[in-house]
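I opened the notebook to go through one protein chain.

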Amino acid sequence: MRPFKINVTTDRAVYDAAQQNKKMMCIVTPTNDAAPGAGGVAFLNSFYDGSIDPCWAFNLSAGSCAMTISHEVGHTFGLNHDGLLGQAEQEEYHRGNGTWGPIMGAPFGLNVVSWSDGGYEGSTNPEDDLQIINDRSAEFRDDQFGDSDAEAFDIAGEPGDEDVELEGIIETPDDVDVFTFRTNGGSVTLTADPEGVAISEKE
């Protein structure tokens, strides 16, 4: 949810203070009475229809729980399942290609999962998840950094600085962030540490 103007919280007081048609509670519990046999359940479009009904996640391991919460909250924004067209039959839940999978599928255990625009091979759902969430009350965050050389953000810091730390968010798939600095020569090391991805360095 980080690309959006959404506050993800476990503080009940913060949740209670939010406007009814602009919040959603996800209850994480091993008790699956709300949908026996399922990993989670949600009412479609319930994020913004004024409903007080929560969505539910019954998968409790760290990775599976996070995936399930995102998936079920996705339903509350009106998102449908991302399936896969197979040779024998259609799968309702795309389980991923071994590396990546769509959140609205069931890509449990994969290193990279994301909202999908339905552009993968064998897609059963042409929905653009990010755009739908943006259009339904949860707008993209404002762009943090310039998109061109003329608008580039200067990362040089103050004279004498040897370590400049900068954090940011890629708000949309088309977002481009441009940075600049000047050096009088010598070795410069830039380190990028994407969340959930191994560190890479370029000298």
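What share of the 203 residues in the protein chain is buried? I find 28% buried, where buried means under 20% relative accessible area with a 1.4 Å probe, protein chains only.

I note that this is a predicted model: local features need pLDDT of at least 70, side-chain atom pairs count only at pLDDT 80 or more, and totals for chains, interfaces and linings use all residues. Residues are numbered from 1 along each chain as its sequence is written, and side-chain values use heavy atoms, with hydrogens and water left out.

**Overall make-up.** I looked up the secondary structure and got 3 helices and 11 strands. These are DSSP runs, helices being H or I of at least four residues and strands E of at least two, numbered from the N terminus. The C-alpha trace spans about 65 × 50 × 30 Å along its principal axes.

**Sheet.** I traced an open sheet of 3 strands, ordered β1-β3-β2, with mixed pairing. Two strands pair if DSSP finds at least two bridges between them. β1 (26-28) and β2 (40-41) are at the edges with a single partner strand each, so one side of each has no neighbour in the sheet. β1 pairs with β3 (residues 55-57) in the parallel sense, over 3 bridges. I checked Val-28: its bridge partner in β3 is Ala-57.

**Helix on the sheet.** Helix α2 (residues 62-76) packs on this sheet and touches β1, β2 and β3. Contact here means heavy atoms within 4.5 Å. The direction of α2 makes about 160° with that of β3. Axes are lines fitted to C-alpha atoms, for helices over the stretch in contact, and angles run from 0 to 180 degrees between N-to-C directions.

Conventions. Buried < 20%, exposed > 50% of the residue type's maximum accessible area, 1.4 Å probe, protein only.
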